[in-house]
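Here's a quick briefing to read with the model open beside you.

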Amino acid sequence: MLGGAGALLGVTAGSAQAAEVSYATRCVPPAAAGLPPVDGTTKAEITAPATAKVGDEVEVVWKFVQAASKNPDLIDLPANSVQPSGTLKAAGAQTTAVAMEGPRENPAIPKGGDMVLSDMKGKLKLTAPGQVTLTPDAYDVNVMTTDTKCAPTAAVQSAATINVTAGDGTSTTSPTPTGTGTGSPTPTGTPTTTPTSTPSATESGDDGTGQTDFTGKEVQVPYACKTPIGNKNATSPVQINAKKNGGSYDLTVRFKGSVMDSPAPIPKDSVKPSMEVVLGGADKGTVHVEGPTNAEDIKAGDPMTIPDLKGTYKPGASGESTLSPGVLTVKALGTTTTCTPTKSEVSLTLDTAEQASGASGGGSAGSSGSGGTSGTTSGGGLAETGAESDGALKALGLVAGTAVLLGGAVFTFMPGRRRLR
């Protein structure tokens, strides 16, 4: 009698049951990270109602007791920069995949520290009576803008079971202890990944992988700018990305924001930036990229930004070539400001094959330079995802170039402002 009473008290209809399961996992950093896959163990606690009835929509919670990978020894991750999402497999009385997602909430995570992931939640609509088992499957770890993809490398035991009745009846269930699932194990095999935006190991667009997009590492570029009204020094985060287009590459050079406001109105179509991307490694020379003029008037007090600069790179050599931010030129109402990097740092590395008449990149203005390669990016990983570097951000060539338009107005550098996305 006491045992029966205990069972009734412990398994009230709809009460939550939680159980933990561990499984071998492989995590693959983004394709531009330059980091190898990580094999580890995921420990997940799954919470779901013990009992329910057909037609109910129940909430399921996935708590990360342990993520399979740590934060690489690259950068410290700031608070609230990591967001998990994944899939929970339902089997038994009904078979479906439950989409799970957690909020972007985490404490600051130091280099080499354990990844702290928020709890993921999802909804499951029950459609058939019987036992429904819940098994954790693959999940993604999004750090700001890039995904590290983690998936089981062996069969995973179910973590919890919901007893579903056809009407108002109740049924008992017991959470599945680790390694002793009541449902069928879910083999998933070795995961495959689709590179997203951020650094990974060397890959070639010509090696049969089918990769076409290559995302560079965000680098801090110190500039010495010569303007008609004097010289200025400034530092800006710059990222070079490439998209394979036949034997060539469409380049995009992105300045990651601005920390300067315009002190006076600036008319549209008055400021035009361009850059010579520097090639290194197997290939030599430069590739011309340029951006559009400002499409709208810039109001006083509005942030000054540099648009994406675009151009075409045709490889002139076979092998591993590097692309680094080079000289930035800003033309404004007949005046020119030239900003030269005082320190060069590679943003993108590509492994390409030489093209006929290669090593000549051209922007929309038809300027030429040199090109070279297809395939990998340097730097990055789970942690290297374009981290916030607010203290280092400063206005660059556009600041000095625009000053001429304003009769020598003095621009104020404000490194404390957060960069614009």
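Is phenylalanine 64 buried or exposed? Phenylalanine 64 is buried, since its relative accessible area is 9%, and the cut-off for buried is under 20%. Keep in mind that this is a predicted model. With that said, here's the tour, starting with the rings around that residue.

**Aromatic rings**

- The count of aromatic pairs in this model comes to 5.
- Take tryptophan 62 and tyrosine 139 to begin with: their ring centres sit 5.9 Å apart with the planes at 75°, so this pair is edge-to-face. For that label the planes have to be over 60 degrees apart.
- Tryptophan 62 belongs to strand β4 (residues 57-66) and tyrosine 139 to strand β8, so the pair ties together parts that are 77 residues apart in sequence.
- Tryptophan 62 and tyrosine 139 are both buried.
- Phenylalanine 64 pairs with tyrosine 139 too: the centres are 5.0 Å apart and the planes meet at 65°, so that's another edge-to-face pair.
- Here again the partners come from strand β4 (phenylalanine 64) and strand β8 (tyrosine 139), so the pair ties together parts that are 75 residues apart in sequence.
- How buried is tyrosine 139, in terms of relative accessible area? The figure is 1%, so tyrosine 139 counts as buried.
- Put together, the ring pairs link Trp62, Phe64 and Tyr139 into a cluster.

**Proline 136**

- Staying in strand β8, which covers residues 130-143, you'll find proline 136.
- Proline 136 has a relative accessible area of 1%, so it's buried.
- Which residues does proline 136 touch, leaving out those up to four places away in sequence? The contacts are Val21, Tyr23, Ala44, Ile46, Trp62, Thr87, Leu88, Val156, Gln157 and Ala159.
- One of those contacts, Trp62, is also a member of the ring cluster with Phe64 and Tyr139.
- If you want a distance to check on screen, the C-alpha atoms of proline 136 and alanine 97 are separated by 9.9 Å, and the two residues are 39 residues apart along the chain.

**Disulfides**

- How many disulfides are there? The count comes to 2.
- One of them is formed by cysteine 27 and cysteine 150, with their sulfur atoms 2.1 Å apart.
- The torsion about the S-S bond of cysteine 27 and cysteine 150 is about 115°, so this disulfide is right-handed.
- Cysteine 27 lies in strand β1 (residues 16-28) and cysteine 150 in strand β9 (residues 146-152), so the link ties together parts that are 123 residues apart in sequence.
- Cysteine 225 is joined to cysteine 339 by a disulfide, at 2.0 Å from S to S.
- That link of cysteine 225 and cysteine 339 is right-handed as well, with 115° about the S-S bond.
- Cysteine 225 sits in strand β12 (residues 219-227) and cysteine 339 in strand β20 (residues 335-341), so the pair ties together parts that are 114 residues apart in sequence.
- Cysteine 225 has 2% relative accessibility, so it counts as buried.
- Cysteine 339, at 0% relative accessibility, counts as buried too.
- What's the pairing when you number the bonded cysteines of the protein chain in sequence order? The pattern reads 1-2, 3-4.

Key: Residues are numbered from 1 along each chain as its sequence is written. This is a predicted model: local features need pLDDT of at least 70, side-chain atom pairs count only at pLDDT 80 or more; totals for chains, interfaces and linings use all residues. Side-chain values use heavy atoms; hydrogens and water are left out. A disulfide is a pair of cysteine sulfur atoms within 2.5 Å. Helices (H or I, at least four residues) and strands (E, at least two) are DSSP runs, numbered from the N terminus. Buried means under 20% relative accessible area, exposed over 50%, partly exposed in between (1.4 Å probe, protein chains only). Contact means heavy atoms within 4.5 Å. Rings of Phe, Tyr and Trp (its six-membered ring) pair if their centres lie within 6.5 Å; planes under 30 degrees apart count as stacked, over 60 as edge-to-face and the rest as tilted.
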